[in-house]
Amino acid sequence: MKILFLGDVVGNSGCEAIKKNLAKIINKYSVDFTIVNGENSAPSGVGITEEIVKNFFLAGANVITSGNHVWDQKEIMNFIDQEQRLLRPENLISNSPGKGFGVFSSKNKKIGVLNLMGNIFMKKCDDVFEASKKFLEEYRLKRDYDFLIVDFHGEITSEKMAIGNYFDGNATLVIGTHTHVPTNDSRILRKGTAYQTDAGMCGDYDSVIGMNLENSLNRFLKKDSKKHFPATNEATLCGAIVEGNLNTGLAIDIKTFIYGGELNNSI
């Protein structure tokens, strides 16, 4: 089972790259299931809209995850209850709309997708380790699903690595999102879970984490500037492709995926 995970889609350039390239990437690499983090995909660079969600599904995405900007486009608060394939972090405060976990089908196999958010330097949410402990007490690999993918939306590497190792042996892949920079540490952990600290973004890298370069520099230099807005040149699609063992649900292989745009392409 080959699963493609793509990191935070940023603005119009990221959306256009998904619409233009995702179907052919899925075909070229014989991908069976695709997850896209869409929390920065709105034209403003924060949040996601109903139209974008539908466009991602039409392009080939099976599930869309999110993070701290999930509610920045208010329309999504109602739509997320209607669309089971759109996830928000599982450990948001109780009574938040939508769900943070779902089980989906591909080739007669069940794929669990869990969306978590870190606690350090992030918006307030429930303790992510307590939420993870509760989840692992309730759900089990090869009993409740054949594969499990965990999107950990967090700011700091140590928290991401700790979660990766906490899920080791109980998930197919744990991959970080949020920092918009792909890390060169994809590997399989001791007990068989594939891991990468951050998937990177699907956006224009001639920028500051996807935002207009000149305006971002002006803000740091305390010069005249506008509210952050996305860069608009060709986007690079970043993430990982993991291959899961049909018998164990653990990882056979993981490869960093970088396609198009400014970065050196690789898989």
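Is Phe-121 buried or exposed? Phe-121 is exposed, with a relative accessible area of 68%; exposed means over 50%, buried under 20%, and partly exposed in between, with a 1.4 Å probe and protein chains only. The points below place this residue in the wider structure.

1. Basis of the note. This is a predicted model, in which local features need pLDDT of at least 70 and side-chain atom pairs count only at pLDDT 80 or more, while totals for chains, interfaces and linings use all residues. Residues are numbered from 1 along each chain as its sequence is written, and side-chain values use heavy atoms, with hydrogens and water left out.

2. Overall form. The protein chain contains 6 helices and 11 strands; these are DSSP runs numbered from the N terminus, with helices (H or I) of at least four residues and strands (E) of at least two. Its radius of gyration is 17 Å, close to the 18 Å that the globule rule gives for 267 residues, so the chain is as compact as a globular protein of that length. The radius is taken over C-alpha atoms, and the globule rule is 2.2 Å times the number of residues to the power 0.38. Along the principal axes, the C-alpha atoms fill a box of roughly 55 × 40 × 35 Å.

3. Of the 267 residues, 56% count as buried. Among contacts with a separation of 6 or more, 63% involve residues 24 or more positions apart, a contact being heavy atoms within 4.5 Å. The chain exposes about 12,000 Å², of which carbon and sulfur atoms supply 48%; accessible areas come from the Shrake-Rupley method with a 1.4 Å probe, and for residues only the protein chains shown count as cover. The mean positions of the 30 positive and 32 negative charges are 3 Å apart. Lys and Arg count as positive and Asp and Glu as negative, without His and the chain ends, and each charge is placed at NZ of Lys, CZ of Arg, CG of Asp or CD of Glu.

4. Helix H2. In H2 (residues 50–59), the buried residues are Ile-52, Val-53, Phe-56, Phe-57 and Ala-59. They cover an arc of only 160° around the axis, which puts them on the same side of H2; the arc is that of the directions from the helix axis to the C-beta atoms. The exposed residues Glu-51 and Leu-58 are carried on the face turned away from the buried side. The cover over the buried residues of H2 includes helix H1 (11–28), strand E2 (33–37), strand E3 (63–65) and helix H3 (76–79). Gly-60, with a positive phi near 130°, follows H2.

5. Helix H4. Val-128, Ala-131, Ser-132 and Phe-135 are buried in H4 (residues 128–138). Viewed down the axis of H4, these buried residues fall within an arc of 100°, so they line one face of the helix. An α-helix has 3.6 residues a turn, so residues three or four places apart point the same way. Exposed Glu-130, Lys-134 and Glu-137 lie on the face of H4 turned away from its buried side. The buried residues pack against strand E4 (101–106), strand E5 (109–117), strand E6 (147–153) and helix H5 (157–166).

6. Phe-101, in strand E4, is buried at a relative accessible area of 12%. Leaving aside residues up to four places away in sequence, Phe-101 touches several residues, including Leu-87, Val-113, Phe-135 and Leu-148. The C-alpha atoms of Phe-101 and Asn-115, 14 residues apart along the chain, are separated by 6.3 Å. Asn-91, in the loop between H3 and E4, is buried with a relative accessible area of 2%.

7. The loop between E5 and H4. This loop holds Phe-121, whose phi is near 60°, a positive value in a residue other than glycine. Lys-124 also has its place in the loop between E5 and H4 and counts as exposed at 75% relative accessibility. The C-alpha atoms of Lys-124 and Leu-6, 118 residues apart along the chain, are separated by 25 Å.

8. A further positive phi. Lys-222 is found in the loop between helix H6 (213–220) and strand E10 (237–244). Although Lys-222 is not a glycine, its phi is positive, about 60°; the residue is exposed, with a relative accessible area of 75%. Most residues other than glycine have a negative phi.
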